[in-house]
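Dear colleague,

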Amino acid sequence: MFKVGPLRKRQVLGGIIGSILGGAMFYIFTLDTTEEYVSIGPMNTGHESLSCFACHADAKGNLMQQVQSNVSHAFGARDIGVDFGTQDVTVNNCLECHDRPNDRHPTHRFSEPRFKEAVSHIDATTCITCHTEHEEERVSVASIDYCMNCHQDLDVENDPLDISHKTLIAKEAWFTCIQCHDFHGNHKYEVPEKLSDTIPMESIQRYFDGGEDPYGSVKKYIALSQEDWLKALENK
Amino acid sequence: MKAIYKITLLLTFSILTSCGGVPEEKTKSIGAENTFSVEEVLEMVARENDVTRTLYTKAIVGKGKKQGMKFDEDWRKDDVEAGPLPALFLRGVATSIRKSSVPLGLYLGSDFPVNAANKFEGKQAELFEHIKKDQKAQFFYDEDQKLHTAMFADLASAGACVTCHNDHPQTTKSDWKLGDVMGATTWQYPKDSLSYKETVAVLNSYAKGTVDIYMEYLDEINAFEKSEKPQIGDKWPAEGNYLPTAEVFLDSVKKLSSYETMKRLVVVK
């Protein structure tokens, strides 16, 4: 069908080799066994055994349909574009395994307008603000003084702590909060009455980085494993 | 060579269009014209909320306390054997709504909250001042979140509201009276008008939220180890150490609120 001149031979050969290689790479890198090579980084603590599809669900339609839909959208022939390859990961993906009734700071609460100012400092409406995935750690929040955005007026009646909460707030010692209170309140941890007995920051940082849990191993809620999550989906 | 480009272009175009694209989700189906404004729908669901909360506060918390039942802000803690206080009952409903597919947000706040972190700020604080004066609903469009927002007065409708808030160790105001505007509920929805089906979905998500949190309370009672468990059936705490089932509770809410809601739903403008 195509006439290939002798001077173009190398170009055509290169094109064919490129297409074959491209096709082979596409095939190999979409296999389940090669997921770790495609991943942008190692999974966070507790997520090591998850498969990509647990968060990255296939987008609607096949690749050709997705290309066509987005081209149509680009030319104004379609109102809304579509996800390409996989769907965007949202808070709802996280909540499918981590949602629990006793979360002290559930993401949805921060959608209320009065948190506008606080959310401009730390976006608590989404999990990834503090738990960026593919970082091989537990918590990735930039600074642990985030309590100051909402709890400036805290005054604990009959404060049991030797240095009162009010004093700590006046001194802007916001980093001390985490030494007793984990953000989601998921640990059954007996808080000490002396500030000197609280969990040292080094231990907290190690925990954030994926190390041992300084609040203890007793938790109110254990997130679903991939297996349990799939079972829950089947029962829906 | 030009022929090759043309053929390649034609081939690419035909391959791209031949598969038909990803089906578009229809935003409107036939016969689903938007019937209600978002303000009307939020007024309807807020009215259902008033009835539900008053019933829970008066008939469950108020009468239940007289029977020795306990209600606590730490009711979810393992070592606390109690039921949810009315504000936490509402938060439970809100959590359940967020889990549904209905994009409705529900929050409760005040200018004198028990928990200082629940104090109104910004636009909400400004509008709450108006609500305190005339108890009329306030509406605004939240530009940042692109959400239609409504605020409704939350009144001290039962003696239990007044006594609990006045006596609470963390209270920031201890002279609440019956009928006072203690706070306001804030509701949010993304669309400016709703179809009949969407309106019913909003009302249903609220009702389901009520059942969900009430069921959680009954499950909590079921797990009581030290406290006496009230008998759960068709009787109410006013008659003794009883609690209604979730169905009986919801039936009572419907009886009290259905006429108003039905009237609004059936009136074709």
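Predicted model: local features only at pLDDT ≥ 70, side-chain atom pairs only at ≥ 80, totals over all residues.

Chain B contains 7 helices and 10 strands, and its radius of gyration of 24 Å is well over the 18 Å that the globule rule gives for 269 residues, so chain B is more spread out than a compact globule. Taken along the principal axes, the box filled by its C-alpha atoms is roughly 90 × 45 × 40 Å. Of the 269 residues in chain B, 34% are buried, and among its contacts between residues at least 6 apart in sequence, 66% join residues at least 24 apart.

The largest nonpolar core has 50 residues, and the members that touch the most others are B:V41, B:L42, B:V45, B:V93, B:L106 and B:W187. Helix α2 of chain B (residues 38-66) provides the largest share of this core, with 10 residues. Leaving aside residues up to four places away in sequence, B:V45 touches B:W187, B:V202, B:L203 and B:Y206. There is also a second, separate core of 5 residues, which includes A:V119, A:I122, A:A124 and A:Y146.

As for the contact between the chains, 29 residues come from chain A and 30 residues from chain B. On the side of chain A that touches chain B, α3 (63-74) and α5 (116-121) each supply at least two residues, and α3(A) gives the most, with 8 residues. The residues on that side of chain A divide into 10 nonpolar, 11 polar and 8 charged.

With best wishes

Methods
Residues numbered from 1 in each chain as written. Chains lettered and ligands numbered in written order. Core = buried A, V, L, I, M, F, W, Y, C linked by C-beta atoms within 7 Å. Buried ≥ 20, exposed ≤ 12 C-beta atoms within 10 Å, placed from the backbone. Helix = DSSP H or I, 4+ residues; strand = E, 2+ residues; numbered from the N terminus. Contact = placed C-beta atoms within 7 Å. Nonpolar A, V, L, I, M, F, W, Y, C, P; charged D, E, K, R; others polar. Rg over C-alpha atoms; globule rule 2.2 N^0.38 Å.
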